[in-house]
Amino acid sequence: MNHHINPAKAAITLAVFLGGAHSIWSMFIALGWAQAIVDFKLWVHMISIPVVVKAFDIYAAATLVIVTTAIGYVAGYVFALVWNRMHHSS
């Protein structure tokens, strides 16, 4: 059985997932929904800490999406390399 993972495909997959999730988060901030989401998340986890979502900033949002996409790409690529190394048949 072939357990090989294509590093480029794994990298793109994780990059799209993380970048996409943070794009959605940025959209929630822009729409004014983020504070309610954070408040709900803290409530269901029975946590009480003061968290205030700031006003939407396009430069911060772009930085968030770019950085998390890059981290996702690197993490996906490294994961695939490690996975392939661990499942290498001799």
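This is a predicted model: local features need pLDDT of at least 70, side-chain atom pairs count only at pLDDT 80 or more; totals for chains, interfaces and linings use all residues.
Biologist: Is methionine 46 buried or exposed?

Modeller: Buried means under 20% relative accessible area, exposed over 50%, and partly exposed in between (1.4 Å probe, protein chains only). Methionine 46 has a relative accessible area of 75%, so this residue is exposed. Its phi is near 55°, a positive value in a residue other than glycine.

Biologist: Which residues of H1 and H3 are buried?

Modeller: In H1 they are Pro7, Ala10, Ala11, Ala15, Gly19 and Ser26. In H3 they are Ala61, Thr68, Gly72, Gly76, Ala80 and Asn84. What covers the buried residues of H1 includes H3, and what covers those of H3 includes H1.

Biologist: With which residues is alanine 10 in contact, leaving aside neighbours within four places in sequence?

Modeller: Contact means heavy atoms within 4.5 Å. Leaving those neighbours aside, alanine 10 is in contact with Ile5, Gly76 and Ala80. Alanine 10 lies in helix H1 and has a relative accessible area of 17%, so it is buried. From histidine 45, alanine 10 is 35 residues away in sequence and 32 Å away in space, C-alpha to C-alpha.

Biologist: And what does threonine 69 touch, not counting residues up to four places away in sequence?

Modeller: Threonine 69, in helix H3, touches Ala15 and Gly19 on that count. Its relative accessibility is 27%, so threonine 69 counts as partly exposed.

Biologist: How far apart in space are tryptophan 83 and isoleucine 5?

Modeller: Their C-alpha atoms are 7.3 Å apart, although the two are 78 residues apart in sequence. Tryptophan 83 lies in helix H3 and is partly exposed at 29% relative accessibility. Leaving aside neighbours within four places in sequence, tryptophan 83 is in contact with His3 and Ile5.

Biologist: Let's turn to aromatic pairs. How many does the structure hold?

Modeller: A pair of aromatic rings is described by the distance of the centres and the angle of the planes. Rings of Phe, Tyr and Trp (its six-membered ring) pair if their centres lie within 6.5 Å; planes under 30 degrees apart count as stacked, over 60 as edge-to-face and the rest as tilted. The structure holds 4 such pairs. One of them joins phenylalanine 28 and tryptophan 33: the centres are 6.0 Å apart and the planes at 35°, so this pair is tilted. Tryptophan 33 is partly exposed, at 47% relative accessibility. Another pair, tyrosine 73 with tyrosine 77, is stacked, at 6.4 Å centre to centre and 20° between the planes.

Biologist: Why are tyrosine 73 and tyrosine 77 separated by about one helical turn?

Modeller: An α-helix has 3.6 residues a turn, so residues three or four places apart point the same way. Tyrosine 73 and tyrosine 77 are separated by about one turn because they are 4 residues apart in helix H3 (residues 58-86). Tyrosine 73 is partly exposed at 37%, and tyrosine 77 is partly exposed at 34%.

Biologist: Finally, serine 26. Is this residue buried or exposed?

Modeller: Serine 26, found in helix H1, is buried at 7% relative accessibility. Leaving aside neighbours within four places in sequence, serine 26 is in contact with Phe56, Ala61, Leu64 and Val65.

Conventions. Residues are numbered from 1 along each chain as its sequence is written. Side-chain values use heavy atoms; hydrogens and water are left out. Helices (H or I, at least four residues) and strands (E, at least two) are DSSP runs, numbered from the N terminus.
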